[in-house]
Amino acid sequence: MRWIWIDRIIELQHGRRCVAIKNISLAEEVLHDHFPAGEDHPPLPVLPNPLILEGMAQTAGILVGHANDFREKVILAKVGRATFTDAAWPGYVLRFTAEIVRMDSAGASTTGTVHRLDPARPGDRPAALAEIEILFSHIDQARAGLDLPEHNFVFTRDFLDLVSQGGMRLGAAPAQKRFQEPFL
Amino acid sequence: MPQQQTQQQVFEKIQQVLIDALSVDDDEIVPEARLVSDLGAESIDFLDIVFRLEKAFGIKIEQSELFPDNILNDARYVSDGKVTDEGLEILRQRLPHADLSEFEKDRSVEAVGDLFTVDTVVRFVLSKLESQAA
């Protein structure tokens with residue numbers, strides 16, 4: 001996780017739940033190619049599903065890392081299930097909600113939902129977009145003895161800053177929320 | 001006191017756990033099916049299976065309890081690709097739920113993965129449920 005694909009953490013409950021948002025911008029180059037106009041149809045800019053998955057991986061990864069105060073190197077080990085039921089258009093906001101299902105010294109299993117919010121209609125109910133289950137491994141536990149770098153190459157300064165900039169504390173803390181109903 | 005679960009009920013729950021964890025069909029999950037060779041499990045799937053078993057049965061399973069690690073990479077327990085006498089004894093202790101009778105004939109390291117069958121998992125869970133109820 002060396003690039004940041006979510007914009008802001010808006011809720012973080014130690015070892016339980018993390019909520020993040022991402023704004024989808026038409027300026028993102030990927031939308032220019034996914035999908036361009038053809039001779040007989042207009043452009044269809046939608047965020048590719050693997051990038052929606054990446055947003056959930058970062059949200060859930062931060063949740064799992066935060067649960068151990070970012071001491072473990074948290075690696076995405078397996079996507080158990082990912083179902084997509086709607087599309088992610090530019091000008092909308094994605095909200096990722098990740099929860100820990102099980103966790104131990106070897107890793108954690110998480111479940112998550114993705115919703116699409118319309119900033120032009122803040123009173124509307126968010127549209128359900130995806131359900132995603134991800135299994136994370138604590139790489140030092142799984143690969144003991146291998147020559148891995150000492151420093152935590154997963155949770156770089158960029159990620160820790162993202163958590164802090166959302167107003168969250170990095171260490172264990174009671175439920176932290178920074179948003180207002182009904183928009184979120 | 002948890003309600004006593006029959007072997008068939010336990011098997012059916014484990015069947016669902018393995019369908020979800022390994023994306024296999026229910027008719028592939030027979031007692032003698034080997035998790036690695038027959039059902040395509042990889043190392044990370046074992047962590048997934050343990051988490052799903054914990055959730056399905058409401059039990060706590062220590063990592064390496066069901067699928068022991070740190071045996072095959074220990075020189076005391078493996079020599080020339082074969083499990084030593086000492087290694088076999090450790091496997092017996094750590095895997096009371098597994099049937100080692102076939103394995104003992106050859107002791108090849110490659111065959112250790114085949115000790116983990118659907119039946120091994122069923123027996124493991126039954127013994128956990130029994131010790132929990134006791």
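Predicted model: local features only at pLDDT ≥ 70, side-chain atom pairs only at ≥ 80, totals over all residues.
Let me begin with A:Ile9, which, leaving aside its neighbours within four places in sequence, is in contact with A:Cys18, A:Ala20, A:Ile62, A:Leu162, A:Val163, A:Gly166 and A:Met168; two residues are in contact if their C-beta atoms, placed from the backbone, lie within 7 Å.

Residues are numbered from 1 along each chain as its sequence is written, and chains are lettered from A, and ligands numbered from 1, in the order in which they are written.

A:Ile9 is also, with A:Cys18 and A:Met56, among the residues with the most contacts inside the largest nonpolar core, which has 71 residues. Such a core is a set of buried Ala, Val, Leu, Ile, Met, Phe, Trp, Tyr and Cys residues joined through C-beta atoms within 7 Å, where buried requires 20 or more other C-beta atoms within 10 Å of a residue's own.

Turning to chain B, the 15 residues of helix α2 (residues 43-57; a helix is a DSSP run of H or I, at least four residues) should span 21 Å at 1.5 Å a residue, and its end C-alpha atoms are 22 Å apart, which agrees. The expected span is 1.5 Å times one less than the number of residues. Among the buried residues of α2(B) are B:Phe46, B:Leu47 and B:Phe57, and just after this helix B:Gly58 takes a positive phi of about 65°.

As for confidence, the predictor gives the complex an ipTM of 0.81 and a pTM of 0.86.

Technical notes. Helix = DSSP H or I, 4+ residues; strand = E, 2+ residues; numbered from the N terminus. Buried ≥ 20, exposed ≤ 12 C-beta atoms within 10 Å, placed from the backbone.
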